[in-house]
Amino acid sequence: APAEGRAGIAVGPAERPVPRFEDLPEYKQVRMQELASQLVGIANPFYRTHDVGAGAVTEIDGRNLINFASYDYLGTNRHPAVHARVAEALARYGVSASASRLVAGERPVHGILEERLAEFYGVEAAVVFVSGYLTNVTVIGTLLGPEDLVIHDELMHNSALAGIKLSGAARRFFRHNDMDHLEELLAGFTGKFRRILVIAEGVYSMDGDVADLPRLVELRRRYGFWLMVDEAHALGVLGKTGRGTHEYFGIDPNEVDIWMGTLSKTTSSCGGYVAGSAALATVLKGSSGGFIYSVGLAPALAAGATASLDLLAAEPERVARLGANGRLFRDLAKAEGLDTGLSEGHSVVPVLVGDSLRAVRLSNDLLEAGVNVLPIIHPAVPEGQARLRFFITSEHTEEQIRTAVRHTADILHALEKQNFGLASVDR
Ligand code: PMP
């Protein structure tokens, strides 16, 4: 007879073995990567601990480094004016909203931030969520269903893909920024689904180029689909006053149905938002699971995001400085013979390396030289397109940018000469 457990439950040999997490391909992949980095003697570049607030400089293991790996585009993360507003909200409302906004989690700072975002975009309304990732998941998951089709840029962020999966909608992608390809798909599919949603990113997160918003808007008028633009890397970046992609192109913001963005980048907080029509906000607040069944955004984070937007409005020179820094970085990199890919020199400038191992080694050697920048390797980008991704901020000095570009070029060119990389390890 099987032995009896404390609650009288049989604890004998299992009839059917419980699946082991160790058997998952995802587990094996991570272990393989760790093993590979040990074999070639390069420290894992991921999950490093920074013992200071993110900004143009950082500190790892007691060493001060020039930092190109954080999203603090306008240098608001450590700004005293932002801190004061966060402290005020923290003192008044505590750490957590402690309930869904629907129930008991609503605080004045939520409404204030949403009004501020709507006004900033020049649209009727906005809704904030607890994470940028969650925003894409729950918004797309709520608005679309199995009768619908989503057509998205092939380089769209993982969070949007997760939202499409949740929605059950059919999915097609168009070649990156290729509006003719999108039009081909629209011509073939329009009328065959209940609704079509087209999604693009204002500034693409891995390549740093800009969506062709004029063409997207023109196609929307002709084919009658919902247009959604993810402004994660464009808010506070594009346009003279940082209003994003529509300001950059001089397009009426109401020609885009769903402006989506995150609070974690330019507004140095945490959370996400959607801005658009009042009806859209009503639908999302009334029926999106990620809004209704999740805690309200932490009040201090809402206050921090609003304070960052206020700072952006009061000091638009931050936007100009970020733009100048992005262009300087890209131009210097090109002059040094580095491949910055499609980057238009805004918030994100990649340096394409190709080989994953070479990218990891380059990042490692740059850290030694005092520059913190992360490699992006497969599966985040296709195999053979590994890169370093530099996040630019308004607070980088010209000297910091020159130093980073010079070291990157020197080290990468030396690695290329040695033919350092996976290809040479294979042989
Ligand atoms: N969309 C894009 C394009 C992003 O780059 C990111 C963040 N990397 C997100 C959404 C998710 O935002 P968050 O990190 O604030 O959750």
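**Figure 1. The buried residues of helix 5 in a predicted model.** Helix 5 buries Gly 132, Tyr 133, Leu 134, Thr 135, Asn 136, Val 137, Thr 138, Val 139, Ile 140, Gly 141, Thr 142 and Leu 143. A residue is buried if 20 or more other C-beta atoms lie within 10 Å of its own, exposed if 12 or fewer, and partly exposed in between; C-beta atoms are placed from the backbone. Because 12 of the 12 residues are buried, helix 5 is largely enclosed by the rest of the structure. Helices (H or I, at least four residues) and strands (E, at least two) are DSSP runs, numbered from the N terminus. Helix 5 covers residues 132-143 and reaches 17 Å from its first C-alpha to its last. That is close to the 16 Å expected, which is 1.5 Å times one less than the number of residues.

Residues are numbered from 1 along each chain as its sequence is written. In this predicted model, local features need pLDDT of at least 70, side-chain atom pairs count only at pLDDT 80 or more, and totals for chains, interfaces and linings use all residues.

**Figure 2. The shell around the ligand.** The ligand is surrounded by 13 residues, each with its C-beta atom, placed from the backbone, within 6 Å. The closest are Gly 132, His 157, Ala 232, Thr 262 and Ser 264. Helix 5 gives the largest share of this shell, 3 residues.

Figure 3. Strands pair if DSSP finds at least two bridges between them. Strand 1 and strand 2 (residues 63-67) run antiparallel, joined by 4 bridges. Val 57 stands opposite Ile 66 in strand 2.

**Figure 4. Two serines with positive phi, Ser 98 and Ser 268.** Most residues other than glycine have a negative phi. Ser 98 has a phi of about 60° and sits in the loop between helix 2 (80-93) and helix 3 (101-105). Ser 98 is partly exposed, with 15 other C-beta atoms within 10 Å. Ser 268 has a phi near 35°, in the loop between strand 8 (258-262) and strand 9 (272-276). Ser 268 counts as buried, with 29 C-beta neighbours inside 10 Å.

**Figure 5. A cis peptide bond from His 378 to Pro 379.** Its omega is near 10°. Pro 379 lies in the loop between strand 12 (374-376) and strand 13 (386-391).
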